[in-house]
Amino acid sequence: MAKTDVYHERQSKELCALHALNNIFQSESAFTQGDLDSLCYSLSPSTWLNPHKSMLGLGNYDVNVLTAALNSRDCDTVWFDKRKDPRTVDLDQLVGCIFNVPNDWKIGWVAIPLNRKHWIALKNIGGVWYNLDSKLKEPEVIGAKRDFYEFLGKHLKDKDKELFLVVSKNVQENGSWKVDSKKSEPNGFFVELP
């Protein structure tokens with residue numbers, strides 16, 4: 001698939017969770033802000049200030065909303081224990097991945113000390129992994145499986161980043177996203193994974 005065939009939703013307000021979901025499903029209409037707001041209210045129906053989103057109505061949705069949205073599409077999240085080697089994940093079983101990273105707010109050179117997080121979609125499209133961060137001007141090619149494993153390994157060293165695997169409900173229930181401790185390589189040899 002050519003790079004121009006990749007759907008990439010750009011950042012608006014604090015709607016990075018919405019953009020990450022639409023980028024994962026490669027559709028502008030997979031979810032709307034109204035859909036995510038409704039999920040917030042269904043998660044906490046009797047609260048005046050909803051704990052799952054920004055009180056200003058700009059977005060900033062939490063992991064509960066992201067998970068509920070994925071559940072509505074017969075998908076789920078698996079939190080990845082970053083102490084493990086990323087090669088323990090069978091990439092072929094994933095719908096995609098979503099990173100949760102610190103969001104640095106700055107005015108000029110001055111950093112504003114707000115504890116905000118940013119959601120980033122990572123997706124395999126046509127055998128190529130892409131970084132579909134809504135803050136990027138265009139999708140960033142990560143590469144093939146080996147490149148993606150290296151990308152994950154590098155980014156998971158950061159203690160402030162979290163990785164969520166997006167999988168179908170079936171894959172989540174049977175655990176088929178996990179690679180066995182011994183994996184056959186194309187040359188017929190087995191490699192021991194840490």
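**Figure 1. Secondary structure of the protein chain.** The protein chain has 5 helices and 10 strands; helices (H or I, at least four residues) and strands (E, at least two) are DSSP runs, numbered from the N terminus. This is a predicted model, in which local features need pLDDT of at least 70 and side-chain atom pairs count only at pLDDT 80 or more, while totals for chains, interfaces and linings use all residues. Residues are numbered from 1 along each chain as its sequence is written, and side-chain values use heavy atoms, with hydrogens and water left out. Of the 194 residues in the protein chain, 45% are buried; buried means under 20% relative accessible area, exposed over 50%, and partly exposed in between (1.4 Å probe, protein chains only).

Figure 2. Six strands are arranged in the order 1-8-2-5-6-7, with antiparallel pairing; two strands pair if DSSP finds at least two bridges between them. At the edges are strand 1 (75–80) and strand 7, each of which pairs on one side only. Neighbouring strands are turned by 30° against each other on average, direction ignored; axes are lines fitted to C-alpha atoms, for helices over the stretch in contact, and angles run from 0 to 180 degrees between N-to-C directions. Strand 1 is joined to strand 8 by 6 bridges, and the two run antiparallel. In this pair, Thr77 stands opposite Val166 in strand 8.

Figure 3. Strand 5 and strand 6 run antiparallel and are joined by 4 bridges. They form a hairpin with 2 residues between them, and Gly126 in the turn has a positive phi of about 65°. Lys123 stands opposite Tyr130 in strand 6. Strand 6 also pairs with strand 7 in the antiparallel sense, over 3 bridges, and here Asn131 stands opposite Glu140 in strand 7.

**Figure 4. Ser134 in its loop.** Ser134 lies in the loop between strand 6 (128–131) and strand 7 (140–143). Is Ser134 buried or exposed? Its relative accessible area is 3%, so Ser134 is buried. Leaving aside neighbours within four places in sequence, Ser134 is in contact (heavy atoms within 4.5 Å) with His8, Glu9, Arg10, Gln11, Cys16, His19 and His118. The side chains of Ser134 and Gln11 make a polar contact at 2.5 Å. A polar contact is a pair of N or O atoms within 3.5 Å; within protein, one must be able to donate a hydrogen and the other to accept it, and residues adjacent in sequence count only if both atoms are side-chain atoms.

**Figure 5. The nonpolar cores.** In soluble globular proteins, nonpolar side chains tend to be buried together. A nonpolar core is a set of buried Ala, Val, Leu, Ile, Met, Phe, Trp, Tyr and Cys residues joined through side-chain atoms within 4.5 Å. The largest one has 28 residues, and those with the most contacts inside it are Leu21, Phe31, Leu36, Tyr61, Ile98 and Trp119. Elements that give two or more residues to this core are helix 1 (16–24), helix 2 (33–43), helix 3 (63–71), strand 5 (117–125) and strand 8 (162–168). Helix 1 supplies the largest share, 6 residues. Not counting residues up to four places away in sequence, Leu21 touches Phe31, Leu36, Leu66, Ala69 and Leu70. A second, separate core of 22 residues includes Phe80, Phe99, Leu122 and Leu156.
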